[in-house]
Every structure is written in C-alpha cells, then in structure tokens.
Amino acid sequence: MAVTSHKLIALKGLVRRLAVATLLLTANALAAELQLNGVLKQGALVQGVTQPGNRVHFNGAAVQVDPAGHFLIGFGRDAPPRAELLIHGEHARPEQHVLQVEQRSYQEQRIDGLPADQVSPRSAETLERIRQEATLVKRARRIATLESHYVGGFRWPMDTGIITGVYGSRRILNGKPRRPHYGVDIAAPTDTPVYAPAAGVVSLVHRDMYFTGGTLIIDHGHGLSSTMMHLQRIHVQEGTAVTPGLLVGRVGATGRATGPHLDWRINLFQKRLDPELIPGLGPFPH
Ligand SMILES: [Zn+2]
C-alpha cells in the first residue's frame with residue numbers, strides 16, 4: 001500500500017545531494033524518486049519509499065527494502081546530527097543523501113518509593129531471571145520479516161488515559177540514576193483495553209517478566225516492533241496476526257510499576273524509538 005502523498009516529505013530541501021551524476025549518466029540512471037515520511041529528529045522513525053529494485057544503506061549498513069520499495073530507518077535517542085542514506089539503483093552510481101538530524105534535550109524524571117529490590121536487584125536468582133527475560137525480548141526484536149505490515153498506518157494503543165512518561169527522559173529511581181525511559185507511559189485504570197497499534201504478528205507473549213510484567217511484542221515488519229508492558233491480561237498468542245485496533249490486552253500494574261499504566265515502546269530491531277514520533281500517529285488522545 002502506498003504511503004499517502006500528503007504525509008510524504010519530499011527529500012528535496014531536506015537534504016543535500018552530494019553524489020552528483022556525471023554527464024555520462026543518463027537521467028534514468030539516477031536512483032532518485034526517494035520519499036521520506038517522518039521527521040528527521042532524534043528518536044524518530046522514518047518510512048522511506050524508493051524505486052522497486054533499489055538497494056538502501058543507512059549509516060553504512062544495508063536496510064531491508066520490500067519489492068514495492070518500502071524501507072524503514074530510525075534515529076536513536078542520542079543519534080548524531082548527521083546521518084547518511086545511500087540509494088543504489090540497479091545501473092546507477094549510488095546516490096548519497098546527508099540527513100540533518102534535529103537534536104533534542106530530554107526531561108528528567110524522578111520516581112521514589114519503589115521497592116529496593118526492583119531498583120537494584122541483588123539475588124543471583126533474580127539477576128539470572130532478568131538476563132533470561134532480556135534474551136527473550138532481544139530475540140523477538142531481531143525478527144526481520146519483509147512483510148510491510150506497518151504501511152497500513154499506526155493508531156494509539158488506547159482510547160483513554162493520561163500520558164505520564166515520555167521517551168528519552170533521564171530517570172532517577174529512589175535517588176539512583178538509571179537507564180533513560182524509552183517508552184510512552186499512558187496511565188489508565190486496570191483493565192482498560194489495549195489495542196494493536198498497527199498490523200503485525202505477535203512475536204512474544206510473557207505473563208510475568210520481572211521488570212515489565214505482562215509483556216507483549218508485535219512484529220510490524222522490517223524489524224519494526226511494538227512492545228506493550230505491565231499488562232494485566234493478554235488476549236492474543238504468539239503467532240496471532242493482528243490488525244490495527246484489535247483488542248490485544250488490558251492495562252495493569254504488573255512488573256515494576258507504581259500504578260496501572262501501559263508502557264508502549266517502538267523498536268527498529270534493537271534501536272529504541274519514540275512512539276510519539278511515528279509518522280501520521282498524531283497527538284494522544286485523538
Ligand atoms: Zn514506562
């Protein structure tokens with residue numbers, strides 16, 4: 001499915017073309033016709049479309065391109081101000097685009113009163129459990145299907161609630177600096193419905209992870225995944241195909257949580273992105 005044209009940001013004006021075709025190259029030898037849908041900003045997911053058959057490299061690494069020319073790139077929380085996109089046409093010289101990545105400053109979030117063992121787990125048994133669970137999550141986020149489920153678009157996974165945590169914030173838990181927060185937290189009463197934010201296939205269901213409690217991962221294709229955390233109930237199984245808006249679970253306060261909320265994360269493989277910057281998603285609630 002084509003990305004709607006009004007949401008497309010033509011690359012023209014956003015990037016400088018460094019690789020210039022020589023006079024010997026004919027017009028159709030240029031890879032060209034590159035469209036990027038999204039903002040060029042730390043934490044952002046960008047949906048690209050190029051001519052079918054072209055190959056794409058982002059910051060030196062090959063990117064999956066589906067037969068229709070769809071591909072995804074993303075900028076991590078601390079992505080440097082410059083990124084490079086290379087488009088290789090079948091017979092053309094690679095076309096280089098330099099992307100200027102907007103730099104952000106992040107909030108600081110202090111949470112006190114957490115049980116000490118959840119902030120600094122001690123026992124060997126607990127540490128081993130955390131390690132095993134992290135491996136399961138990592139494995140689910142490594143799935144690299146070429147099905148472009150995400151092109152049908154995203155919606156918020158809840159209709160009601162209050163955003164209480166945002167992407168990238170530095171966290172101080174019980175006075176101790178910890179890893180930044182990478183999801184968007186939506187607080188709502190226990191059992192509030194949670195919906196699939198986009199089409200995909202359920203790649204992980206875990207009822208009780210140490211930190212994240214009831215945990216669900218949906219593969220949206222090309223390494224793009226949603227992780228839904230702290231769920232009270234999960235209504236789907238691994239392998240279930242979902243459509244946007246399908247009821248997949250219920251809000252809870254399972255795992256490390258101070259109250260009932262959904263923590264929704266977006267990953268492009270292991271790279272953590274900001275759900276609020278998904279192209280076309282819009283503000284919450286909408
Ligand atoms: Zn959270």
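In this predicted model, N267 stands opposite R272 in strand β22. That pairing belongs to a hairpin, formed by β21 and β22 with two residues between them. In the turn, F269 has a positive phi of about 50°. The two strands run antiparallel and are joined by three bridges. Strand β22 covers residues 271-273.

Let me stay with β21, which spans residues 261-268. Which other strands join it? Strand β18, residues 224-234, is joined to β21 by six bridges, and the two run antiparallel.

Is β21 mostly covered or mostly open? It is mostly covered, since eight of its eight residues are buried. H261, D263, R265 and N267 point one way from the strand, while L262, W264, I266 and L268 point the other way. Both sets are buried.

Leaving aside residues up to four places away in sequence, M228 touches P157, V194, L216, G249, L262 and W264.

I turn now to a separate element, an open sheet of three strands. Their order is β10-β12-β13, and the pairing is mixed. At the edges stand β10 (108-111) and β13 (176-178), each with a single partner strand, so one side of each has no neighbour in the sheet. Neighbouring strands of this sheet are turned by 30° against each other on average, direction ignored. Between β12, residues 170-173, and β13 there are three bridges in the antiparallel sense. R171 stands opposite R178 in β13.

Finally, the chain as a whole. How many helices and strands are there? The protein chain has two helices and 22 strands. Of its 286 residues, 38% are buried. Among contacts between residues at least 6 apart in sequence, 67% join residues at least 24 apart.

Note on methods: Residues are numbered from 1 along each chain as its sequence is written. This is a predicted model: local features need pLDDT of at least 70, side-chain atom pairs count only at pLDDT 80 or more; totals for chains, interfaces and linings use all residues. Two residues are in contact if their C-beta atoms, placed from the backbone, lie within 7 Å. Helices (H or I, at least four residues) and strands (E, at least two) are DSSP runs, numbered from the N terminus. A residue is buried if 20 or more other C-beta atoms lie within 10 Å of its own, exposed if 12 or fewer, and partly exposed in between; C-beta atoms are placed from the backbone. Two strands pair if DSSP finds at least two bridges between them. Axes are lines fitted to C-alpha atoms, for helices over the stretch in contact, and angles run from 0 to 180 degrees between N-to-C directions.
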